[in-house]
Protein chains: 2
Amino acid sequence: MACALTMLLLASVRPPAPDAAERDALPRWGTGSLMLVVEREAGSVLVFDASRHELLGRVRGLGNLTHATIKFSKDGRYAYVLGREAFVSKIDLYTLGVVRQVKAGAWSIGGAMTADGRHIVLSNYAPGEVRFLSADTLETVRVIAAERTLPDGSVKRSRVAGLVDAPGNLVVFALMDADGVWVVDAGKPDFPVVRKHWDVGVEPYDALITPEGRYYLVGFLKSNWMGLLDLWHPEAMRRILADARGAGADEVPLWKVPHLKGWALAGDLAFLPALKREVALVYDARAWTARDVVPLNGTALYTVVRPDRRQVWADLVGKNGDLIDVIDVETRRVIRTLRPGPGATHPQFTPKGEAAYVSLMDGGKVVVYDTATLEVIREFPAERPSGIFSSDRAHKFGM
Amino acid sequence: MACALTMLLLASVRPPAPDAAERDALPRWGTGSLMLVVEREAGSVLVFDASRHELLGRVRGLGNLTHATIKFSKDGRYAYVLGREAFVSKIDLYTLGVVRQVKAGAWSIGGAMTADGRHIVLSNYAPGEVRFLSADTLETVRVIAAERTLPDGSVKRSRVAGLVDAPGNLVVFALMDADGVWVVDAGKPDFPVVRKHWDVGVEPYDALITPEGRYYLVGFLKSNWMGLLDLWHPEAMRRILADARGAGADEVPLWKVPHLKGWALAGDLAFLPALKREVALVYDARAWTARDVVPLNGTALYTVVRPDRRQVWADLVGKNGDLIDVIDVETRRVIRTLRPGPGATHPQFTPKGEAAYVSLMDGGKVVVYDTATLEVIREFPAERPSGIFSSDRAHKFGM
């Protein structure tokens, strides 16, 4: 009986065929393979359909985007732009309109979408906290103060950095001023902190999670190693990539890079930009031991792996900042140097990697490469473009 | 000047804010995380929004779906249902209407979407051919006859099987009756066959491509090994997984499974269903050597890895066909046996793996599991449901 009733309901859920007016009102595009490009100073975002390299429009009024990130709803319909001043804007990718906007703190450094798609999470520098917003309404549903009780009984508040989502609806982040790594279970109604690691290194500043969501790696500004949390065995963290070179030397340790998410994991290998050195560092991504060095034409900011894992693109900063070095993963050498133009940065591949978008921050353009020919196939004017976010990030941990 | 003009155009592409009527005409859902479930005999497909586990509707009139597969457009807007009689239906996922439908052969066994998103490719048994359709119009744009010239000068036509898309806009497939593996460059206007391997094994019947798109593995009905084509070095194929057990023995060689795509690649390991044996076979996915055997409660049809690679779900056929064994990847043993119901098959995970959809072919239901608790959280009536296809396959090679 219940079944028969459901079958009747089922018959009725099929929407009627749209009439001409309704068809005209449907979005002209799908949202599966969009590229959103941040225009920093303008506080706007350009939206491209990367399935046909077409500019769909510009969304303005998004606040200070000098350190912005973009997250996507699980169903791919909405983008959430998180700005430096904790301004969160929810964009309907069907209409390119801002449907909700809130200020969720004073100073934010990043964020994540929980794996269940129910919450946008902000990692705030000020106040030092992790803030969960309803992905639907953007209302704050939980604030977790990032703080540590010191031996003298006082409580120290901390900036939050390196926040990622992880399988099992977890959220992992670092307490920058309290040398901690915390894990929150965002699947429980009260968002409990289920694990707190302390003194894992001094001043954690950024982190990444490996593509399958198992390993959380955190970098420290004042310790000469990285912290590794295996989420299958989260009882303890361990030190990896310890490197004597940085200790007490002038040279900055290699992992002090601005964005750990700019690491490339290509199967068994990890490619890292080396700060102040003109190389990419290659590590064994199982044992986390050093393996190789790839000479570059300058200092890399991001190293980004093509989805087929055959190439890593390294964008250079400072000297030769208009270049991108293309590394062949198998031979681990630069096989081609691209010259996109001034301030070339943040290469982002389409989901299957047949094209790449690159921002020319000082060249006022977004350029699109065919990755088979390594030729530019499209150019679009843009106002100091920087970060580029592909909408298939909706389906990737920590992205 | 060109730039200024483009900027003007840019300003104009921002769509005006929709009025209330237009908003009502927008789809209620996004297409990023849909689940499409094939109803075999009914010739219909159920469409679920897996981001909130909601049934959106049923699409009817899709022909014989007793061996059907579904592909997705790059932008996520359209699904292409390929039926046994080479009936191809293009579904608009905004309206759930069939927007185009063609018959593209007599008997089809599968297909692919090219990496550039421009063509749907059919692997046809009859006539023996690979057929490229425009993904836009479904018009045939190229037919490649699958045939081999024999020593006596005669030409033998062959069924086509194991067709996948690969990076670089390639399409790879096997000639079942001619013992060949061919590679087509679908990025070139005339779709040239760029490589032909002959006599790689006898009667190739199905294949898979590894997730990064590098390795093509083909199974043979009458040879006791598998063929491996490394697409980074496609000059030669090699034999792997040779197994003495099957040679001349009653026991069917292990790789004679109906669907090689039902293999699970979990990092360094591959989990394979073993036909007629009540185990899953574990292989080293780098050297392609045997490593382990996981006892199951019956014979597996599909082994499917959870996106976090921590579990492999094996659906059983025949004895205990109502069960699914959940294998822990790390310890390689069954840690839980689920009892979804009669004819449980084809588990399909949501993109981040927090839920799984399972068809009960003989139970008339689709059930949804929470993969954290391993409990059923939703049930939907369905008419002999079978294959389940998540729309994030749009972004995966060979899927």
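Chain A and chain B bury about 5,400 Å² between them, and 58% of this area lies on carbon and sulfur atoms. Buried area here is the accessible area (1.4 Å probe) that two parts lose on being put together, summed over both. This is a predicted model, in which local features need pLDDT of at least 70 and side-chain atom pairs count only at pLDDT 80 or more, while totals for chains, interfaces and linings use all residues. Residues are numbered from 1 along each chain as its sequence is written, and side-chain values use heavy atoms, with hydrogens and water left out.

The counts between the two chains are as follows.

| Item | Count between chain A and chain B |
|---|---|
| Salt bridges (side-chain nitrogen of Lys or Arg within 4 Å of a carboxyl oxygen of Asp or Glu) | 10 salt bridges |
| Polar contacts (a pair of N or O atoms within 3.5 Å, one able to donate a hydrogen and the other to accept it; residues adjacent in sequence count only if both atoms are side-chain atoms) | 26 residue pairs, both at pLDDT 80 or more |

In one salt bridge, the side chains of Glu354(A) and Lys74(B) meet at 2.2 Å, N to O. The side of chain A that touches chain B divides into 26 nonpolar, 12 polar and 23 charged residues. In terms of contact (heavy atoms within 4.5 Å), 61 residues of chain A meet 62 residues of chain B.

Asp392(A) is buried, with a relative accessible area of 6%; buried means under 20% (1.4 Å probe, protein chains only). Not counting residues up to four places away in sequence, Asp392(A) touches Gly32(A), Pro351(A) and His395(B).

Note on methods. Chains lettered and ligands numbered in written order. Buried < 20%, exposed > 50% of the residue type's maximum accessible area, 1.4 Å probe, protein only. Nonpolar A, V, L, I, M, F, W, Y, C, P; charged D, E, K, R; others polar.
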